[in-house]
Amino acid sequence: MSFAEPSRDCPLCPRLVGLRTELRAKFPTWSNAPVPSFGPIGAKLLIVGLAPGLKGANRTGRPFTGDYAGDLLYATLKKFGLAKGEFVADREDRAWIPDTLTLMNVRIANAVRCLPPENKPTPKEAATCRPFLVAELADMKNLRAIVALGRVAHDAALAALGRKASAAKFAHGAQHDLGGGRVLADSYHCSRYNTNTGRLTAEMFEAVFAALMPKLG
Ligand code: SF4
């Protein structure tokens, strides 16, 4: 199966379609659609997030753009030479600055591509959206590493690779051997909640990428 993004009106998850329809009426200028992945398909690294945030990717249409999580993620990617250019998180506040953010050797996808209520997709919704991740992984011919942001993303990545959740337990900072020189690396999600509570610091997040860099060389 060759990778294609879901259509703007993907009908497969009725609960998420209901929320999308509601939000399109309420906020007509927002994206309110499945969020396409960002970054080159030929990248060696894939970052897998959970799902779009209400005022983040669901609003702006780009992963990790518009809410806090992108600030730490893109600053970290820039630090490791995986991104360049100006990242404008919120166009309403900084509309006069052109967003020139470019990803290099890294791609960002969500396990579930539509906004779920309270950021919690059901297991059925995660399974329904999985074929998009399966096809994307199959098309990433240069893939060497996956970073899973949180346990749900970790489980989604394993399932998309055809492995059981019991094959590798989620643990922040862990690297799991996927065979063929590929690894799955785990990190706590770079959400505002996790950074505010000290569960994840910028140093902890950077350490995940520092440990992966030799595999991307
Ligand atoms: S979450 Fe995925 S499968 Fe479900 S409606 Fe959105 S794009 Fe379609």
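1. The buried residues of α3 are covered by elements that include β2 (83-84), β3 (102-103), β4 (106-110), α6 (192-196) and α7 (202-216). The model under review is a predicted one. Helix α3 itself spans residues 69-79, and its buried positions are Ala-69, Gly-70, Leu-72, Leu-73, Tyr-74 and Leu-77. Just after this helix, Gly-81 adopts a positive phi of about 70 degrees.

2. The largest nonpolar core holds 57 residues, and the members touching the most others are Val-48 and Ala-111. Two or more residues of this core are given by each of β1 (45-49), α3, β4, α4, β5 (145-149), α5 (151-160), β7 (182-187) and α7. Helix α5 supplies the largest share, 6 residues. As a general background, nonpolar side chains tend to be buried together in soluble globular proteins.

3. The surroundings of Ala-111 deserve a separate remark. Leaving out residues up to four places away in sequence, Ala-111 touches Val-48, Gly-49, Leu-50 and Ala-51, together with Ala-126, Cys-129 and Leu-133, and also Val-152, Ala-153 and Ala-156.

4. Helices α4 and α5 pack with their axes 9 Å apart, at an angle of about 65 degrees, and their crossing is right-handed. On the α4 side the contact is made by Ala-126, Arg-130, Leu-133, Val-134 and Leu-137, which meet Ala-156, Ala-159 and Ala-160 of α5. The residues of this contact divide into 7 nonpolar and 1 charged, with no polar residue.

5. The ligand has 13 residues around it, of which Pro-6, Cys-10, Cys-13, Cys-114 and Cys-129 come nearest. The elements giving two or more residues to this shell are α1 (14-26) and α4 (123-139), and the largest share, 3 residues, comes from α4. By residue type, the shell comprises 10 nonpolar, 1 polar and 2 charged residues.

6. Thr-128 lies in helix α4. Is this residue buried, partly exposed or exposed? Thr-128 has 17 other C-beta atoms within 10 Å, and is therefore classed as partly exposed, since 20 or more would be needed for a buried residue and 12 or fewer for an exposed one.

7. Apart from its neighbours within four places in sequence, Thr-128 is in contact with Leu-12 and Cys-13. Cys-13 is also one of the residues that come nearest to the ligand. Between Thr-128 and Tyr-74, the separation is 54 residues in sequence and 29 Å in space, taken from C-alpha to C-alpha; Tyr-74 is among the buried residues of α3.

Methods:
Residues numbered from 1 in each chain as written. Predicted model: local features only at pLDDT ≥ 70, side-chain atom pairs only at ≥ 80, totals over all residues. Near = placed C-beta within 6 Å. Helix = DSSP H or I, 4+ residues; strand = E, 2+ residues; numbered from the N terminus. Nonpolar A, V, L, I, M, F, W, Y, C, P; charged D, E, K, R; others polar. Contact = placed C-beta atoms within 7 Å. Core = buried A, V, L, I, M, F, W, Y, C linked by C-beta atoms within 7 Å. Axes fitted to C-alpha atoms, helices over the stretch in contact; angles between N-to-C directions. Left-handed = near helix turned anticlockwise from the far one by under 90°.
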